[in-house]
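Let's take a walk through a protein together, one stop at a time. Have a look at the sequence and the 3D view, and then we'll start.

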Amino acid sequence: MTAVPETRLALLGGGFSDDEDGLLDDWLLDHVRVPRPKVCFVPTASGDAPAYAERFLDAFRPRPCEPGVLSLFRRELDDDALRTFLLSQDVIYVGGGSTVNLLAVWRAHGVDRLLREAFARGTLLCGISAGANCWAEGSHTDSFGPLTPLADGLGLLPGSVCPHYGSEPGRGSSYREAVAERALPSGWALEDGVGAFFTDGRLTDAVTRTPEARLYRVEPDGDGEVKEQTVPCRLLSPPHSGDTVPAPGSPPGGPTRRRRR
């Protein structure tokens, strides 16, 4: 009997486009199981911005991987070639921008179906901002201008996602309100600098590149408010700069506080 591959997904609160140290991208590649993985950057949410794609290539070419970029706004692959390309990747890394536009373009080109197929085959899916939002059942987005709950996504990660938690004005309170009112299901709130890794839908690793950045589990408490649980994260360190500093316990399991919306 053929073994069913584990499904693997990572949410990034940073990476090559935001951080100079590269710690989150190195952490991501540490989770890949082949020596020189193929890593495909998908910049759909930014409208395939050329400068964004070049930043990815500049950051990943020196690393032990084979980086590539998938463009959909100037698509060159037919359906068969697109499927072959995506299913050949070891990592699919989705960039930030508009979550709503990202999902619409993917569905128009059938990329959503191909990503589900790749995920089921064991491809590591990941992304930052909109590229983190897209994997969940719902997310918290500014795609429409004001911060808005979006009860839409690929649903590969149960629950909802809120990126930039605590780093953008109003982001935290608006997300907590959406969860408290059940406009979004319980979910994961990432501050910039955090990485969260999921295996078969379960959180199996959580890291931070700065001592201040946190990952939270946010759930309704039944009284119109929310429970905000701090998830322990390992502190990443540059190579040869000393040992990493693990947070006590294993995620999730940090202190819980009751938060008003």
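In which strand is the place of Arg217? Arg217 sits in strand β12, which covers residues 215-220; a strand here is a DSSP run (E) of at least two residues, a helix is a DSSP run (H or I) of at least four, and both are numbered from the N terminus. Before we go on, know that this is a predicted model, where local features need pLDDT of at least 70, side-chain atom pairs count only at pLDDT 80 or more, and totals for chains, interfaces and linings use all residues. Residues are numbered from 1 along each chain as its sequence is written, and side-chain values use heavy atoms, with hydrogens and water left out.

Back to Arg217. Its relative accessible area is 17%, so Arg217 is buried (buried is under 20%, exposed is over 50%, and partly exposed is in between, using a 1.4 Å probe and protein chains only). What does Arg217 touch? Leaving out residues up to four places away in sequence, Arg217 is in contact with Ser186, Gly187, Trp188, Lys227, Glu228, Gln229 and Val231, where contact means heavy atoms within 4.5 Å. The Arg217 side chain also makes a polar contact of 3.4 Å with the side chain of Glu219. A polar contact is a pair of N or O atoms within 3.5 Å; within protein, one must be able to donate a hydrogen and the other to accept it, and residues adjacent in sequence count only if both atoms are side-chain atoms.

Next stop: Trp27, in helix α1 (residues 23-30). Trp27 is buried too, with a relative accessible area of 4%. Residues up to four places away aside, Trp27 touches a list of residues including Ala10, Leu12, Phe197 and Leu236. Its side chain is joined to that of His31 by a polar contact of 3.2 Å.

Now for the cysteines. How many disulfides are there? The count is zero, a disulfide being a pair of cysteine sulfur atoms within 2.5 Å. Cys65 is in no disulfide, and the nearest cysteine sulfur, that of Cys126, is 11 Å away. Cys162 is in no disulfide either: the nearest cysteine sulfur belongs to Cys134, 15 Å away. Cys65 is buried at 1% relative accessible area, and Cys162 is buried at 0%.
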